[in-house]
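The sequence and structure come first.

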Amino acid sequence: MARSDGYNTKTRQLILDYLINNRQHAVSASNILEHLEAQGASPNPTTVYRYLDKLAAGQQVMKYVADKGQKAVFQYVDEGQHCREHLHLKCVVCGRIFHLECDFMDEVRRHLSERHGFALQCEGSILYGVCRRCSAGKEQNPSDAVDTGETP
């Protein structure tokens with residue numbers, strides 16, 4: 001992702017590559033900083049945060065903030081995923097994020113609109129719980145989390 005002046009720094013490219021390679025789960029700025037340092041870069045944390053906010057504003061990443069005081073996490077948005085149009089499910093055990101694209105959610109949206117005059121905003125929305133794999137006792141380390149596309 002190049003800046004508007006066409007200049008792309010090595011640090012920016014490393015950040016974008018890390019996000020793309022870890023698109024199956026959300027990562028924090030501290031995860032990215034650790035990765036950059038492991039790659040031999042000496043990143044300025046402010047630069048990383050600014051670039052993440054720029055990517056979020058450009059809709060290349062989703063920014064999730066659970067509660068005030070909690071750190072934001074970011075997830076790369078693949079083209080065609082329409083992540084701003086559906087909710088996400090996050091397993092609190094393994095950290096995987098699943099895209100909740102199903103007809104039921106369309107019904108929920110319609111119900112909220114028609115019966116309650118409420119327009120559901122899906123952008124950055126996550127429902128927390130335990131996925132099928134972790135419920136069955138097949139937990140994995142959050143750093144190994146992969147969204148397989150399977151139903152949680």
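## Strands and the salt bridge

Strand β3 (residues 73-76) pairs with β2 in the antiparallel sense, over four bridges. Two strands count as paired if DSSP finds at least two bridges between them; the strands themselves (E, at least two residues) and the helices (H or I, at least four) are DSSP runs, numbered from the N terminus. The model is predicted, so local features need pLDDT of at least 70 and side-chain atom pairs count only at pLDDT 80 or more, while totals for chains, interfaces and linings use all residues. Residues are numbered from 1 along each chain as its sequence is written, and side-chain values use heavy atoms, with hydrogens and water left out.

The open sheet is formed by three strands in the order β1-β3-β2, with antiparallel pairing. β1 (27-28) and β2 (61-64) stand at its edges; each has a single partner strand, so one side of each is left without a neighbour in the sheet.

A search of the whole structure finds one. It joins K63 and D53, whose closest N and O atoms are 3.1 Å apart. Distant parts of the chain are linked by this pair: K63 is in strand β2 and D53 in helix α3 (residues 45-57), 10 residues apart. K63 is partly exposed, with a relative accessible area of 37%, and D53 counts as partly exposed at 37% relative accessibility. Here buried means under 20% relative accessible area, exposed over 50%, and partly exposed in between (1.4 Å probe, protein chains only).

## The cysteines

UniProt, in an unreviewed entry, places the feature "binding site" at C91, C94, C131 and C134. These positions span 44 residues in sequence, yet no two of their C-alpha atoms are more than 8.3 Å apart, so they gather at one spot. UniProt positions are given in the numbering used here, feature names are shortened, and annotations may be inferred rather than shown by experiment.

C94 is in the loop between β4 (87-91) and β5 (97-100), and C134 lies in helix α5. The accessibility values are as follows.

| Residue | State | Relative accessible area |
|---|---|---|
| C91 | buried | 2% |
| C94 | buried | 0% |
| C131 | buried | 3% |
| C134 | buried | 5% |

How many disulfides does a search of the whole structure find? The search finds zero, a disulfide being a pair of cysteine sulfur atoms within 2.5 Å. The closest cysteine sulfur to that of C91 is in C134, at 3.7 Å, too far for a bond. For C131, the closest cysteine sulfur is likewise in C134, 3.7 Å away and too far for a bond.

## Surface positions

V92, V93, Y128 and V130 form a nonpolar surface patch with about 350 Å² of accessible area together. Patches are made of residues with over 30% relative accessible area and no salt bridge; like charges are joined within 9 Å, and nonpolar side chains (Val, Leu, Ile, Met, Phe, Trp, Tyr) within 5 Å. Accessible areas come from the Shrake-Rupley method with a 1.4 Å probe; for residues, only the protein chains shown count as cover. V130, in the loop between β6 (126-129) and α5 (132-135), counts as partly exposed at 44% relative accessibility.

Q121 lies in the loop between α4 (103-116) and β6 and counts as exposed at 63% relative accessibility.

Key:
A salt bridge is a side-chain nitrogen of Lys or Arg within 4 Å of a carboxyl oxygen of Asp or Glu.
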